[in-house]
Amino acid sequence: MNFDQALEYLLQLGHETVAMKLGLRNTELLLQALGNPEQSYPAVQIAGTNGKGSTAVMLDSICRKANLRTGLYTSPHLVS
């Protein structure tokens, strides 16, 4: 499936408020099918309205000073 086919499929699902499935069940099933890879390493997820970038950088710095291996990933805003 290429990008245009994926976009066409998503658009034919209908308006997002009608087509969306609330809850985490689908994500839980996917992770289970993949062998729960999220449980194989320690991780911190930072959520909220403000200050996520600053908090992530500060926590990364603290962990590095404590000689912990880190990987910092910040997700860009999704446009399309």
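Start by selecting Thr55: this residue is partly exposed, with a relative accessible area of 36%. On the scale used here, buried means under 20% relative accessible area, exposed means over 50%, and partly exposed is what lies in between, with a 1.4 Å probe and protein chains only. Thr55 sits in helix H4, which covers residues 52–65. Helices here are DSSP runs of H or I with at least four residues, strands are E runs of at least two, and both are numbered from the N terminus.

Before moving on, a word about what you are looking at. This is a predicted model, where local features need pLDDT of at least 70 and side-chain atom pairs count only at pLDDT 80 or more, while totals for chains, interfaces and linings use all residues. Residues are numbered from 1 along each chain as its sequence is written, and side-chain values use heavy atoms, with hydrogens and water left out.

Ser61 is partly exposed, at a relative accessible area of 37%.

Next, click on Asp60, in helix H4. Is Asp60 buried or exposed? Asp60 counts as buried because its relative accessible area is 15%. Which residues does Asp60 touch, leaving aside its neighbours within four places in sequence? Show Thr70 and Leu72: Asp60 is in contact with both, contact meaning heavy atoms within 4.5 Å.

Asn36 is in the loop between helix H3 (25–33) and H4. Its phi is near 50°, a positive value in a residue other than glycine. Asn36 has 26% relative accessibility, so it counts as partly exposed. Then jump to Asn67, in the segment after H4. Asn67 also isn't a glycine, yet has a positive phi of about 60°. With 72% relative accessibility, Asn67 counts as exposed.

A pocket is an open set of points on a 1 Å grid over the protein atoms alone, where a 1.4 Å probe fits, with protein on both sides within 12 Å along at least five of seven lines; lining residues have an atom within 4 Å of a point. The largest pocket holds about 870 Å³ of space. Colour its lining by type and you get 11 nonpolar, 6 polar and 4 charged residues. Here Ala, Val, Leu, Ile, Met, Phe, Trp, Tyr, Cys and Pro are nonpolar, Asp, Glu, Lys and Arg are charged, and the others, Gly among them, are polar.

Finally, zoom out to the whole chain. How many helices and strands does the protein chain have? There are 4 helices and 0 strands. The C-alpha atoms fill a box of roughly 50 × 30 × 25 Å along the principal axes. Of the 80 residues in the protein chain, 4% are buried.

Conventions: Grid points are joined across faces, edges and corners, and a volume is the space filled by probe spheres set on the points.
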